[in-house]
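This report looks at how the parts of one protein chain are arranged and how they meet. Please keep the sequence and the structure in view while reading.

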Amino acid sequence: MSSIELDHVSKLYANGAYGVRDVDLSIGEGEFVIFLGPSGCGKSTTLRMIAGLEGITSGDLRIGGRSVNNVAPRDRNIAVVFQSYALYPHMSVRDNMGFGLKMRGVARSVIEEKIRDAAGLLGLTPYLDRKPAALSGGQRQRVALGRAIVRDPVAFLLDEPLSNLDAQLRAEMRLELVKLHRRLGRTIVHVTHDQVEAMTMGDRICIMREGRMIQVGKPLEVYADPVDTFVARFLATPPMNLLPARLTGQGDGLVVSGDGFTVEVPDMHRAAYAGLAGREVIFGLRPEDLHEAPQPGFSRIEVTVVAMESLGVENILVGQIGTGGTAGKPLELSARLSRHFTAPVGARVPLYLDPRPMHLFDPETTRAFPRPSLRLVTN
Ligand SMILES: Nc1ncnc2c1ncn2[C@@H]1O[C@H](COP(=O)(O)OP(=O)(O)O)[C@@H](O)[C@H]1O
Ligand SMILES: [Mg+2]
């Protein structure tokens with residue numbers, strides 16, 4: 001049994017700063033969970049509390065159903081892997097991996113066997129006699145993982161383990177960690193501020209902000225139905241477009257309009273949004289829901305091209321919409337268009353907006369107004 005439960009857990013640091021506030025989370029045995037959020041939001045603090053490296057101020061923390069508030073880190077059998085690797089420079093890979101077990105008095109033959117297995121799993125067998133200085137960043141990160149694996153912990157807590165790696169190696173290690181999770185079947189909590197890691201690696205994402213866990217769900221659920229404008233903007237690049245708007249009733253229908261756009265609310269959302277007619281709202285639409293060609297049901301808008309970013313696989317258009325903007329800042333939006341679409345800076349171009357995945361947020365609270373989910377996720 002290695003479920004991890006945080007029951008109204010808070011961490012108040014001695015200087016009066018809250019590291020984490022009232023976090024409620026239940027992580028299932030064998031689950032792969034991602035903590036995502038900007039720097040300082042409490043990701044590491046939460047991880048350190050689970051590992052026992054940091055005491056909790058209030059609430060209850062349970063591992064395998066047992067309260068561990070007063071259980072020492074070494075008795076929780078949880079392994080932590082840090083971004084910095086924290087390898088001993090004077091020891092070989094083999095000794096780095098076996099050191100913890102040796103300290104615990106595990107028999108030499110057992111240690112050797114565990115190192116052999118972990119090294120095989122991680123592709124480290126040819127490097128066992130090297131010192132960390134003679135390894136690449138990716139190999140060092142594997143040694144740090146290997147040191148955790150030989151301990152056979154009930155859960156792995158990974159604190160931004162890929163942050164020091166270059167983009168290509170990160171992409172490789174991302175896949176390797178997912179495969180490793182499948183093979184080991186152990187609980188993994190992976191901390192990151194990288195949205196791609198968050199979307200692709202875990203069973204669930206926990207989005208944190210200012211010490212709170214503001215949304216927990218499957219990656220595609222959180223992507224499809226962000227609870228507020230912060231999550232809407234944080235989870236993807238380029239982020240969701242957010243435009244000030246007003247909702248008005250027109251006959252049987254509803255229309256969202258703002259500076260430079262008018263969009264008819266699709267039937268599927270009309271009932272949910274009907275009560276908001278007459279209100280100021282924030283209209284949210286992802287860049288991938290703006291298209292270069294019309295289709296039935298799409299709304300036409302016009303933008304002035306501010307920038308075109310050609311990524312090879314696609315082109316990102318940044319366009320100015322409307323006449324004014326707010327506080328002297330022009331109103332801009334991004335559209336993910338095909339790699340064949342080009343337009344010079346300054347050109348007026350039409351774009352076609354698919355209203356079905358639209359969101360409306362409350363400008364005062366920044367919370368999403370509830371509407372039926374599009375059910376992008378079926379399982
Ligand atoms: N030892 C500490 N003493 C006081 N405040 C701390 C300490 N460690 C972290 N904090 C504060 O707690 C908050 C969360 O920090 P942390 O968990 O490290 O964030 P993250 O890992 O998401 O970047 C931050 O505001 C940070 O300044
Ligand atoms: Mg951190």
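How far apart do the C-alpha centres of domain 1 and domain 2 lie? In this predicted model, the distance between the two centres is 38 Å.

## Domains and annotation

The domain assignment of the protein chain places residues 4–233 in domain 1 and residues 234–361 in domain 2. An unreviewed UniProt entry lists residues 4–235 under "domain: ABC transporter"; this span is 37% helix and 26% strand, and its end C-alpha atoms are 25 Å apart.

## The interface between the domains

Where domain 1 and domain 2 meet, 19 residues of domain 1 are in contact with twelve residues of domain 2. The two domains bury about 1,400 Å² between them, and 64% of that area is on carbon and sulfur atoms. Of the area that domain 1 buries against domain 2, Gln195, Tyr223 and Arg233 supply 46%, which is more than any other three residues.

As for polar interactions, there are zero salt bridges between domain 1 and domain 2, whereas nine residue pairs are in polar contact across the interface, with both residues at pLDDT 80 or more.

## The side of domain 1 that touches domain 2

Two or more residues on this side of domain 1 are given by each of α6 (195–201), β9 (204–209), α7 (219–224) and α8 (229–234). The largest share, five residues, comes from α8. Sorted by class, the side of domain 1 that touches domain 2 consists of 13 nonpolar, three polar and three charged residues.

Note on methods. Residues are numbered from 1 along each chain as its sequence is written. Chains are lettered from A and ligands numbered from 1 in the order in which they are written. This is a predicted model: local features need pLDDT of at least 70, side-chain atom pairs count only at pLDDT 80 or more; totals for chains, interfaces and linings use all residues. Side-chain values use heavy atoms; hydrogens and water are left out. UniProt positions are given in the numbering used here, feature names are shortened, and annotations may be inferred rather than shown by experiment. Helices (H or I, at least four residues) and strands (E, at least two) are DSSP runs, numbered from the N terminus. Domain bounds come from an automatic or database domain assignment. Contact means heavy atoms within 4.5 Å. Buried area is the accessible area (1.4 Å probe) that two parts lose on being put together, summed over both. A salt bridge is a side-chain nitrogen of Lys or Arg within 4 Å of a carboxyl oxygen of Asp or Glu. A polar contact is a pair of N or O atoms within 3.5 Å; within protein, one must be able to donate a hydrogen and the other to accept it, and residues adjacent in sequence count only if both atoms are side-chain atoms. Ala, Val, Leu, Ile, Met, Phe, Trp, Tyr, Cys and Pro count as nonpolar, Asp, Glu, Lys and Arg as charged, and the others, Gly among them, as polar.
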